[in-house]
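Subject: A structure for you to explore

Hi there,

Here is the structure I promised to pass on to you. Have a look at it first, and then read on for what turned up in it.

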Amino acid sequence: MSNTKQTIGKGPFRYDVVGSFLRSDSVKKARQEVEAGTLSKAELRKVEDEAIRDLIDKEVNVGLKAVTDGEFRRAYWHLDFLEQLVGVERIKAEHWSVAFKGYQPKAATLKIVGDIDFPDNHPFLEDFKFVKAAAGDRAVAKFTIPSPSMLHLICCVREEHYEAIPQYENEDALFEAIAKAYRKAVKAFYDAGCRYLQLDDTSWGEFCDETKRKEYAARGLDLNHIAKKYVEVINYALEGKPDDLAVTMHICRGNFRSTWFSSGGYEPVAETLFGQCHIDGFFLEYDSDRAGGFAPLRFIKNQKVVLGLVTSKFPELEKEEDLLARIEEATLYVPKEQLALSPQCGFASTEEGNNLTEAAQFAKLALIKRVAEKAWGPYEE
């Protein structure tokens with residue numbers, strides 16, 4: 001194992017996090033009171049502020065170089081952001097757009113109702129500024145948003161009865177609108193001070209799942225074509241981004257109360273995604289057999305690969321020697337200097353959270369730091 005000290009640089013870092021954390025009891029209680037009409041949204045935000053400051057302190061104390069707000073202000077990892085885009089509405093649904101293996105989230109979905117745009121006053125910009133201020137000079141403020149792929153996936157792929165509004169009857173016009181909105185979003189976050197932005201994306205997990213591929217094909221959907229369009233959209237959104245802005249992508253197979261909805265290795269999407277997507281790094285789930293082996297990583301170019309070898313779904317700690325061995329195995333396909341380590345997903349993709357305690361959550365992060373320092377050496381401070 002390497003004993004060379006590593007300079008910090010920009011994200012992703014040798015030991016990193018996907019983004020979401022178990023909500024504090026104070027936030028859960030305050031949200032219930034808002035729903036009951038006994039607490040105002042302004043008062044809720046004060047509770048969230050305090051909880052996020054406390055979370056960031058804990059992230060710094062466990063040694064993270066990048067910290068997040070844990071997505072404490074969100075009910076869902078994706079809908080809260082997407083519904084605030086111009087031309088998009090959240091609507092009620094009879095059931096969730098995908099079926100998890102067990103518990104089901106509160107049903108909701110999205111609909112495209114007009115010209116898509118990123119508004120100058122998107123509330124997540126202020127949310128990011130709070131994280132940056134709370135982190136100060138102690139750590140990089142990392143911020144997570146859903147990938148542009150998710151808007152199309154939810155509204156046009158998962159939705160069996162999708163009907164395009166007139167301006168988007170030509171689907172290329174829709175992809176162009178999403179790409180332009182996200183290019184505007186990337187610039188807005190950068191202008192707000194963001195230097196580490198993550199695109200969270202479950203589309204690729206679905207596209208790896210052979211059962212889902214067959215189901216989508218039966219409906220006449222060409223997933224290979226859609227995958228190429230998704231990469232084109234992401235690349236357009238990132239075109240000309242500043243060099244000091246790190247943009248990563250987390251690929252997920254579902255994460256709700258420790259359950260999942262997709263299964264399958266990365267091979268069906270590897271050449272298109274790993275070989276052609278112009279992002280700085282991939283956070284990849286590799287905590288179970290559902291993710292397959294490392295061979296698809298042969299298509300990685302200069303991107304960093306953050307191996308999600310530590311599960312966020314269950315409290316049991318992985319063995320250090322097993323994690324170190326798997327890191328070495330991955331070097332058969334990607335140079336070790338391009339690798340890093342993280343949990344396989346966030347700890348609470350929705351406000352309900354996974355089935356583990358806060359103590360177990362931070363024990364996982366401490367394990368990741370220990371293993372990363374054994375694999376790559378400590379950072380230069």
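This is a predicted model: local features need pLDDT of at least 70, side-chain atom pairs count only at pLDDT 80 or more; totals for chains, interfaces and linings use all residues.

Let's begin in the middle. The largest nonpolar core has 124 residues, and those with the most contacts inside it are F189, W204, L273, F274, F282, L297 and L307. The element that gives the most to this core is helix α6 (residues 171-191), with 12 residues.

Setting aside residues up to four places away in sequence, L297 touches F274, L284, Y286, V305, L307, Y333 and V334. Two of these partners, F274 and L307, are also on the list of residues with the most contacts inside the core.

Now zoom out to the whole protein. Its secondary structure comes to 12 helices and 10 strands. The radius of gyration is 20 Å, close to the 21 Å that the globule rule gives for 381 residues, so the protein is as compact as a globular protein of that length. Along the principal axes, the C-alpha atoms fill a box of roughly 60 × 50 × 40 Å. Of the 381 residues, 59% are buried. Among contacts with a separation of 6 or more, 78% are between residues 24 or more positions apart.

- P12 lies in the segment before α1 (25-36). The peptide bond leading from G11 to P12 is cis, with omega near 0°.
- E71 sits in the loop between β1 (66-67) and α3 (79-82). This residue has a positive phi of about 60°, although it is not a glycine. Is E71 buried or exposed? With a relative accessible area of 3%, E71 is buried.
- N235 is part of helix α9 (residues 223-238). N235 counts as buried because its relative accessibility is 14%, and the cut-off for buried is under 20%. Leaving aside neighbours within four places in sequence, N235 is in contact with Q276, C277 and H278.

Enjoy exploring, and write back with any questions!

Best wishes

Terms used. Residues are numbered from 1 along each chain as its sequence is written. Side-chain values use heavy atoms; hydrogens and water are left out. Helices (H or I, at least four residues) and strands (E, at least two) are DSSP runs, numbered from the N terminus. The radius of gyration is taken over C-alpha atoms; the globule rule is 2.2 Å times the number of residues to the power 0.38. Buried means under 20% relative accessible area, exposed over 50%, partly exposed in between (1.4 Å probe, protein chains only). Contact means heavy atoms within 4.5 Å. A nonpolar core is a set of buried Ala, Val, Leu, Ile, Met, Phe, Trp, Tyr and Cys residues joined through side-chain atoms within 4.5 Å.
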